[in-house]
Amino acid sequence: MEKQELPLWKKLNFFKSKETAQNGWSQVVADDRDAETIYRKRWNYDKVVRTTHGVNCTGSCSWKVFVKDGIITSENQQTDYPSTGPDMPEFEPRGCPRGASFSWYVYSPLRIKHPYIRSQLLSLWREALTKNNGHLVKAWGSIVEDQDKAKQYKEVRGKGGFVRAEWQEVNEIMSAMLLYTIITYGPDRIAGFTPIPAMSMVSYAAGSRFLSLLGAPMLSFYDWYADLPPASPQIWGEQTDVPESSDWYNAGYIIMWGSNIPMTRTPDAHFMTEVRYKGTKVVAVSPDYAENVKFADNWLPVNPGSDAALAQAMTHVILKEFYVDKQEKYFLDYAKQFTDMPFLVLIEKEDTVYTPGRFVRASDLGLAVNKGEWKPVLWDAVQEGPAIPKGTIGQRWDSTGQWNLKMENESGEALSPLLTFLGLEDEQICVDLPEFTEGGTGIVKRGIPVKLIMNNGKLLRVTTVFDLMLAQYGVKRNLPGQYPVDYYDEQTYTPAWQKKHTNVETELVIQIAREFAQNAADTLGRSMIIMGAGINHWFNGDTIYRAILNLVILTGCQGVNGGGWAHYVGQEKCRPIEGWGTVAFARDWSMPPRLQNATSFFYFATNQWQYETHSMDGLKSPTVTKSRYSHPADYNVLAARLGWMPSYPQFSENPLQLSTKASQAGAETSEQVIRHVVEKLKDKSMSFAVEDPDNRKNHPRGLFVWRSNLISSSWQCLLCMIRQARLPSLLARCWIGAKGK
Ligand code: SF4
């Protein structure tokens, strides 16, 4: 029998001389290879699953996940992406260190796997259920309608005290809340919030469908966490339609504006680094020396929040050098066809003061056309008079099928829009323009060329958007008024003016604006701005974004491969939006769904309006003497009343009972029910709920939040929910495997 060696003795044997090979460079050892078994087990798997990380990182990289006994054992990047084509770098391999460690998150011991409920509410519920002989709806009503009981569980919010519960019991509580609220107050007293659906379409749709079937409103997410740019729908009417990241490789000039691409677009950043080898210049606009700055040829270290000033100064340079000093044909043609710059604007006169008014419509000129109130006009250089182009909102709805951007008038004749009246003007006048830099009170008087049009004995003064834009940006054209002398004059919006706000050198701004525009002129629009969320997180962030977007519009880049605006995120799209929308908002059962902007909802529901610190005097244009209302909430009420903005809870009555009451009053058709409701609003026997948000019957009463950290997503919300804890009688939080916002 072989003698057994003690393990320790085995280890000491290591120091004994061994048989060697390879001239003493290798040693011959006869040990077992048991250790390798552990290694093999660690990497063992039953199957491979393809997936991605639905955590709103938006990379949506394709991953292989190796699974053993239903447990993720490891992950690997998938490498079967379609090719981007010849002369282009490929997408793959895509991924990032966060994604590679994602399974740790899935199995984190911190992840909540059971429902929890505040102990006070659970005690109240069990007691109420017993007292009401197991009647769920009565039990819930007995808690929320009793002020002392409701106070008991609402007062302890924010103090912890959650206890673990069973799904059966919490489902009963939620059902009781839903039924009681719908029967007593109406389904529009319940609301739902969850972040962007593209991050997890199924999760979003599961909850939104449920709420839509109940008739409860879904709250918007886009505006709530100030993450995505409302400037995009404001300008183009869509949700951030930007090119895929491989298009960065087609650009001739890239500005990374507040977008730290290697951090926020890790799998795609290589397109930016690779295109530099083709000679593309890369510029970084960033307050700090972020990771992306090291890739840039120029760094514009702008003061945080002052990006609009930088963009406005660049716009000043581009307008002066490419529209006035010389006329860059490509830019001018683009502006005439794809922008509103040729459209006519009414100039209003009060006493001796002129101010820009609204667009001139076909109906203002007495033109006998269908939907004339919805058709803005421009000045046609061929006909030497006003003309209605195709592609306005009027054509969208006049059923002629002529809603397009062909350079033709409504009769199909060739159109040559005039950008400026300079040289053809009937008079030159000075208009008052707002200058928001003097604590919001500044006014600057600048000259514009004006045409005079007589219609039905009424004299109309009109100019073009372009003429007003040049005036607003202070681009001098030998017109009267306070125009800056040159780039070094510190009047708005010169390169010297911006330095006071941004701290970026005047010369550098002139250089970058020139380069950006010249590259666009040379390449027919291949100048690109990749924008990030940082510049969006400011009060009036939409206007900052719009100031920057002007640059890609004025240079004919938007809509061109390798040009225009690229956004810092990528997968904010629900690709199958039409089918998904039907499922998500239960459009197969009822129309229309109740949708509302979250910002207004919480503004009223959490009493933020009572803590408002902005008066309308500080927000109104300095050219307006007196604002219509003094409190911003009143504008919200106005928008709800006039039907511009959906607002829930909608009326001071349960909407379910409205049609019953209308029937009792003799209404038989839908139109008669509507008339009944309108009459009640007119005679003030019923009001919009938002008109009296303090009234208890107008309170929202149930809020569902899933895969979201609603309160931390908005600092303002956090403050107000601390101050005013009245909103949700039940806050149901479901953690469905997402990081959330
Ligand atoms: S970027 Fe990272 S976290 Fe996002 S999907 Fe790709 S691997 Fe996952």
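Visitor: Which residue follows helix 17, and is its phi positive or negative?

Guide: Asn503 follows helix 17, and its phi is positive, near 70°. Before we go on, two points on reading. Residues are numbered from 1 along each chain, as its sequence is written. This is a predicted model, so local features need pLDDT of at least 70 and side-chain atom pairs count only at pLDDT 80 or more, while totals for chains, interfaces and linings use all residues.

Visitor: How many helices and strands are in the chain?

Guide: Start with the general idea. Helices (H or I, at least four residues) and strands (E, at least two) are DSSP runs, numbered from the N terminus. Here the chain has 26 helices and 24 strands. Its C-alpha trace spans about 120 × 85 × 50 Å along the principal axes.

Visitor: Which domains does the assignment give?

Guide: Domain bounds come from an automatic or database domain assignment. In this chain, domain 1 covers 47-106. Domain 2 takes two stretches, 231-323 and 490-567. Domain 3 covers 340-472. The centres of domain 2 and domain 3, taken over C-alpha atoms, are 29 Å apart.

Visitor: Which residues of helix 17 are buried?

Guide: Count neighbours. A residue is buried if 20 or more other C-beta atoms lie within 10 Å of its own, exposed if 12 or fewer, and partly exposed in between; C-beta atoms are placed from the backbone. Helix 17 runs over residues 495-502, and its buried residues are Pro495, Trp497, Gln498, Lys499 and Thr502. Their cover includes helix 13 (307-324) and helix 18 (506-523). Across the chain, buried residues make up 39% of the 741 residues.

Visitor: Is Glu384 buried or exposed?

Guide: Glu384 counts as exposed because it has 10 C-beta neighbours inside 10 Å. Its place is the loop between strand 15 (378-380) and strand 16 (385-387). Look at its backbone too: phi is positive, about 55°, although Glu384 is not a glycine.

Visitor: Where does Asn607 lie, and how does it count?

Guide: Asn607 lies in the loop between helix 21 (598-605) and helix 22 (616-619). It has 18 C-beta neighbours inside 10 Å, so Asn607 counts as partly exposed. Asn607 is not a glycine, yet its phi is positive, about 65°.

Visitor: Which residues is Ile453 in contact with, beyond its neighbours within four places in sequence?

Guide: Two residues are in contact if their C-beta atoms, placed from the backbone, lie within 7 Å. Ile453 sits in strand 18 (residues 442-455). Leaving aside those close neighbours in sequence, Ile453 is in contact with Leu365, Leu460 and Val462. Take Leu365: it is 88 residues from Ile453 in sequence, but 8.4 Å away in space, C-alpha to C-alpha. Ile453 itself is partly exposed, with 19 other C-beta atoms within 10 Å. Now the whole chain. Among contacts between residues at least 6 apart in sequence, 66% join residues at least 24 apart.

Visitor: At what angle do helix 24 and helix 25 cross?

Guide: Axes are lines fitted to C-alpha atoms, for helices over the stretch in contact, and angles run from 0 to 180 degrees between N-to-C directions. Angles under 35 degrees count as roughly parallel, over 145 as roughly antiparallel, 65 to 115 as roughly perpendicular and the rest as oblique. The axes of helix 24 (residues 655-664) and helix 25 (residues 670-682) come within 9 Å and cross at roughly 105°. That makes the two helices roughly perpendicular.

Visitor: Which residues of helix 24 and helix 25 meet?

Guide: From helix 24 come Leu658, Ser659 and Ala662. They meet Gln672, Val673, His676 and Val677 in helix 25. By class, this contact of helix 24 with helix 25 has four nonpolar, three polar and no charged residues. The classes are simple: Ala, Val, Leu, Ile, Met, Phe, Trp, Tyr, Cys and Pro are nonpolar, Asp, Glu, Lys and Arg are charged, and the others, Gly among them, are polar.

Visitor: Which residues come nearest to the ligand?

Guide: A residue is near a molecule if its C-beta atom, placed from the backbone, lies within 6 Å of it. There are 13 residues around the ligand, and Cys57, Gly59, Cys61, Cys96 and Gly99 come nearest. The shell divides into four nonpolar, seven polar and two charged residues.

Visitor: Is the peptide bond from Met591 to Pro592 cis or trans?

Guide: That bond is cis, with omega near -15°. Pro592 is in the loop between helix 20 (577-584) and strand 22 (595-596). Another cis peptide bond joins Tyr648 and Pro649, with omega about -10°. Pro649 is in the loop between helix 23 (632-641) and helix 24.
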